[in-house]
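Please consult the sequence and the structure below.

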Amino acid sequence: MAVKHEIPTYEPAPAERRLPASRAECETRDAQDALAGRRAKFALDPAVIYLDGNSLGPLTHTAARRVEGMLHGEWGRDLIKSWNVHGWIDLPKRLGAKIARLIGAKPEEVLVADSTSINLFKLAAAATRGRGTRRRIVSETGNFPTDLYVLQGLTQLSGGAAELVVVPRERLLEAINEDTFLVVLTHVHYKSGECFDMKAVTARAHAVGARMLWDLSHSVGALPVDLGASGADFAVGCTYKYLNGGPGSPAFLYVRSDLHASVEPVLTGWMGHDAPFEFSDDYRPATGMTRHRCGTPSLLAFASLEGALEAFDDLDLDDARRKSIELTELFVAIVEAGGAPAGLRLASPRESARRGSHVVFAHADGYAIMQALIARGVIGDFRAPNLLRFGFAPLYVRYVDVWDAAEALRTVVESGSYRTSPGSVRAAVT
Ligand SMILES: Cc1ncc(COP(=O)(O)O)c(C=O)c1O
C-alpha cells in the first residue's frame with residue numbers, strides 16, 4: 001500500500017505561481033509581499049542570507065526585549081513573587097495556547113515544556129502504558145534519530161513487551177497492523193523535506209485501533225498544520241526552528257482533548273501534580289495538559305519563546321505557505337536553470353505540495369560546498385552523508401535572497417572554488 005502525499009492547503013492559481021525571472025523581478029515581488037513587514041522584526045545581519053531557520057531560527061527584537069524584561073523587570077526586581085505576579089506559573093499553558101493556533105489545535109490542547117525528545121518519550125510512554133495486549137510501535141527508517149532512539153530506549157524499558165518496527169516509507173501503511181498501538185512519524189522529513197499526508201496516515205493508524213503521534217518540528221511556523229482535522233492523538237515539536245524561540249527553547253506537546261483524562265503521564269514530576277503546593281507524598285495527576293508538566297520550567301527560555309511568538313501574531317499561515325512554496329520553487333528553478341551544475345542533484349520532492357519549507361541538494365562534496373557558501377554569507381547546513389540543506393522561512397527570507405543564494409550555489413559548484421576554501425575539516429555541529 002503506497003502512502004498518499006498531499007498537503008490539503010493553498011492551491012495557488014497558475015498566474016500567481018509565475019516565478020520572478022530576474023533579480024529585478026525578485027525585488028518587485030519583495031516590495032509587493034504581504035509578509036514583507038515581518039522581516040523587520042528579526043535582528044538579521046544584512047551581509048548574511050540566512051537559510052538555516054529550519055535548524056535555528058534567528059533572534060527577534062521582541063524575544064530580546066522579553067528576555068531583558070524578565071531578567072530585570074521580573075526576576076531582578078520581584079524575585080520569587082514573579083511566579084504569581086508575573087504569571088510565570090502559567091507560561092507553559094499560555095505559550096501552548098499561542099502555538100495551538102499554528103497547528104490547528106484548541107488552546108487547551110497544547111503545552112510548552114521540556115525538549116522534543118523528552119516530550120516524545122512522555123507521550124510514547126503514556127501510549128505504551130495504555131497498549132493493552134498490542135506490542136508494536138511503528139516508525140519510519142531514517143526518521144530523525146532522536147525519535148528512533150527514544151523509542152528504542154522505551155521498548156527496552158518495556159522489557160520486551162513492546163517492540164519498535166521501523167520500515168521504509170513505501171511499506172509504512174502495511175506495517176501498521178492490528179498489533180500496533182502507536183505510530184510515530186515526522187510530518188516534514190528533516191533531510192528530504194518530504195511531507196506525509198497527515199490525515200491519510202492518521203486514518204490508517206486509527207483504522208487498526210492505534211494511536212498516532214506526529215513530530216511537527218519541521219512544520220510548525222512554516223506551513224499550516226491541522227491536527228484537529230487530521231484526528232491525530234498526539235504531537236510534539238521544536239520551537240527553536242521556524243518559531244525562532246532561541247537555542248534550546250522549550251518544545252511543545254499536544255494531546256487531543258478527548259484523551260486528556262485517560263492519558264496518564266509516566267514522568268510524574270511535581271509540576272504535573274493536581275496540587276503541587278500541597279507537597280503531598282502521593283502523586284495525583286492534574287487535569288488537562290498540566291499533568292504533562294514535569295519539573296520547573298527554564299523560564300528565561302520561555303521568555304525568549306514568548307517574545308519570538310509575537311512575530312506570528314495575526315499571521316495567515318496560508319500566506320506563509322504560499323510564499324514558502326514560491327521561495328522553494330524559485331530556488332530549485334535558478335539552481336537548475338539550463339541544467340543543474342555537474343554533481344548537484346535535487347534530493348527533495350520536486351512537487352512543492354509534497355515538500356515542506358526546506359530544499360535539499362545532494363553533492364559528493366556537500367560539506368565543503370556548504371562551508372564555501374557560509375564563507376560567502378549564505379548560511380544553510382549540511383546533513384551527512386552528502387546533503388546541502390536550505391531552509392526558506394517565509395517571515396524573513398526575501399525573493400532576492402533566494403536569487404542570490406541560488407546563484408552563489410551555482411557559482412561555488414561550477415567554479416570548484418569550494419575545493420580550496422578553508423573549513424573543509426568537519427566541525428562538531430554541521
Ligand atoms: C524531527 C526532529 N525532532 C526532534 C528534533 C530535536 O529534538 P530536541 O530538541 O529534543 O533535541 C529535531 C532537531 O532537529 C528534529 O529535526
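This is a predicted model: local features need pLDDT of at least 70, side-chain atom pairs count only at pLDDT 80 or more; totals for chains, interfaces and linings use all residues.

Residues are numbered from 1 along each chain as its sequence is written, and side-chain values use heavy atoms, without hydrogens and water.

- A polar side-chain atom of serine 217 is 3.5 Å from a ligand nitrogen atom, and a polar backbone atom of threonine 116 is 3.4 Å from a ligand oxygen atom.
- The protein buries 83% of the 400 Å² that the ligand exposes when taken alone (Shrake-Rupley method, 1.4 Å probe).
- Among the 14 residues around the ligand, those that come nearest are Ser117, Asp215, His218, Tyr240 and Lys241 (a residue counts if one of its heavy atoms lies within 4 Å).

- Four strands form an open sheet in the order β9-β10-β13-β12, with antiparallel pairing (pairing requires at least two DSSP bridges); strands are DSSP E runs of at least two residues, and helices are H or I runs of at least four, numbered from the N terminus.
- The edge strands, β9 (345-346) and β12 (381-383), each pair on one side only.
- Strands β10 (residues 358-362) and β13 (residues 387-391) run antiparallel and are joined by 5 bridges; alanine 362 stands opposite leucine 387 in β13.

Definitions and conventions. A polar contact is a pair of N or O atoms within 3.5 Å; within protein, one must be able to donate a hydrogen and the other to accept it, and residues adjacent in sequence count only if both atoms are side-chain atoms.
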